[in-house]
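Below are some notes on the model, in numbered points. Please read them alongside the structure.

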Amino acid sequence: MARLQSCPPLAIQSGHDGWLYDDTGRRYFDSVSSWWVNILGHTNKRITDAIVEQANRLSHVMLGGCTHEPAVELSERLAARTSNNLGHVFFASDGSSAVEIALKQCFHSKAAQGEGSRNRFACLKNSYHGETIGALSVTDVPLFQNSYRALLNDTYIVEAPDSRKENEDVALEALRTLLESHGNEIAALTIEPRVQCGGGMTMHSPEYLRRVRQITRDHGVYLIADEIAVGCGRTGTFFAWEQVSKTDWPDIILLSKGITGGNLPLSIVLSSDEIFDSFLSDDFTKGFLHSHSYTGNPIACAAANVVLDHFDEGLTSDIAEQAKHLANAFSRFHDDPRVLNMRQCGMILAFEIKNPSDHFAERFHMRGREHEILTRPIGNTVYLIPPYVLSEELAEFLADAIAFCIDDVSD
Ligand SMILES: Cc1ncc(COP(=O)(O)O)c(C=O)c1O
């Protein structure tokens with residue numbers, strides 16, 4: 001109760017570009033893109049127009065036995081972005097349900113190939129893949145898991161790479177050792193390419209991922225790249241995996257969050273021919289029987305197609321420019337003794353506060369409100385995941401606001 005009083009919810013009435021406005025008219029820059037979804041700014045007119053137009057034409061139809069243009073167009077455009085290496089698309093509504101689908105597909109596909117004993121999964125330490133039971137089982141954040149331990153599957157958790165520890169070789173060796181001893185029990189490894197976001201914005205190199213791809217393949221373990229947070233340009237390329245290879249892809253990539261620009265719930269599971277083919281049969285019972293009522297909702301797909309239009313028009317170049325603005329504005333903290341481990345990957349910037357006060361995250365957030373910025377530190381990790389609307393001035397504004405918060409809150 002005390003927490004509710006010290007940190008009451010903000011009553012937001014409207015949003016435009018990077019800004020949110022509350023019911024008293026105060027504004028806040030959404031430096032976390034409202035849980036990392038709002039990549040093109042709030043109330044993006046092109047998306048709103050597409051939503052209205054689609055809603056007036058066809059608002060929903062089941063994808064069981066029916067299909068529609070927005071879903072087909074979106075599927076083809078996403079598959080093309082993987083050069084059709086991941087040419088099969090399954091739709092759901094949120095990130096966690098995409099993770100559930102990927103886990104089921106991997107287990108079922110292996111079973112269909114005579115490897116039903118691969119009924120376990122592996123994930124990295126500190127990984128976050130969502131909070132439904134399957135997704136929570138491949139998550140390693142005790143805060144979210146502890147109350148549900150008895151319900152969770154037994155997952156292998158392996159050392160995670162972390163640029164702060166320079167431990168990629170150690171992490172790779174741990175993965176190799178795990179798969180050598182238990183690889184034949186494991187259907188898939190889940191991984192957040194380039195940045196483990198929910199686990200505290202820890203970063204690793206494309207080279208680490210390249211080697212993970214090889215090790216998992218050597219042991220017949222599928223690789224699920226969860227790009228729910230890091231996809232859609234967040235790390236600088238449309239798929240984070242493009243930084244690893246444009247020819248050697250994981251077995252599955254997941255998207256959600258930014259794919260509709262933060263307008264409507266939609267998630268996507270892109271999978272390989274091998275996985276798709278293992279369900280291809282005239283025997284209905286051998287298919288991948290999984291559905292959600294709103295699977296492939298046309299309005300959500302129409303919004304996603306506008307997001308892809310932005311990328312087709314060169315959004316990744318704008319993102320590169322904006323990432324530079326962010327780096328320049330925050331370079332002032334490099335010599336600040338209160339700030340540790342400043343790191344950046346595309347439009348994700350994060351650092352730790354050396355001596356955080358009690359209730360640091362909450363206090364920092366409240367101070368941010370006073371300085372017109374919406375922030376949500378994870379423990380003592382402060383991070384920025386802004387919408388792709390940053391001018392040099394806005395980046396400086398963010399650095400000023402964060403500097404005020406650090407002055408106010410650190411001991
Ligand atoms: C990497 C990753 N996977 C999965 C999820 C779960 O997505 P959702 O909250 O839409 O269920 C999240 C959410 O933050 C995420 O960051």
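1. The domain bounds used here come from an automatic or database domain assignment. The model itself is predicted. The protein chain is divided into domain 1, made of residues 2-30 and 315-409, and domain 2, residues 48-312. The centres of domain 1 and domain 2, taken over C-alpha atoms, are separated by 28 Å.

2. Where the domains meet, 17 residues of domain 1 are in contact with 15 residues of domain 2. On the side of domain 1 that touches domain 2, helix 12, strand 13, strand 14 and strand 16 each supply at least two residues. Helix 12 gives the most to that side, with five residues. By class, the side of domain 1 that touches domain 2 has 11 nonpolar, five polar and one charged residues.

3. Helix 12 covers residues 315-330, 16 residues in total. From its first C-alpha to its last, helix 12 reaches 22 Å, close to the 22 Å expected at 1.5 Å a residue. In this helix, Leu315, Ile319, Gln322, Ala323, Leu326, Ala329 and Phe330 are buried. They lie on the same side of helix 12, because they cover an arc of only 130° around the axis. An α-helix has 3.6 residues a turn, so residues three or four places apart point the same way.

4. The ligand is surrounded by 14 residues, and the closest are Asp94, Gly95, Ser96, Gly130 and Ala229. Helix 5 (residues 95-112) gives the most to this shell, with three residues. By class, the shell around the ligand has five nonpolar, six polar and three charged residues.

5. Ala188 lies in strand 7, which runs over residues 186-191. Is Ala188 buried or exposed? Ala188 has 26 other C-beta atoms within 10 Å, and the cut-off for a buried residue is 20 or more, so Ala188 counts as buried. Leaving aside neighbours within four places in sequence, Ala188 is in contact with Leu103, Cys106, Phe121, Val221, Tyr222, Leu223 and Ile224. Ala188 and Glu313 are 125 residues apart in sequence and, C-alpha to C-alpha, 35 Å apart in space.

Note on methods: Residues are numbered from 1 along each chain as its sequence is written. This is a predicted model: local features need pLDDT of at least 70, side-chain atom pairs count only at pLDDT 80 or more; totals for chains, interfaces and linings use all residues. A residue is near a molecule or strand if its C-beta atom, placed from the backbone, lies within 6 Å of it. Helices (H or I, at least four residues) and strands (E, at least two) are DSSP runs, numbered from the N terminus. Ala, Val, Leu, Ile, Met, Phe, Trp, Tyr, Cys and Pro count as nonpolar, Asp, Glu, Lys and Arg as charged, and the others, Gly among them, as polar. The expected span of a helix is 1.5 Å times one less than its number of residues. A residue is buried if 20 or more other C-beta atoms lie within 10 Å of its own, exposed if 12 or fewer, and partly exposed in between; C-beta atoms are placed from the backbone. The arc is that of the directions from the helix axis to the C-beta atoms. Two residues are in contact if their C-beta atoms, placed from the backbone, lie within 7 Å.
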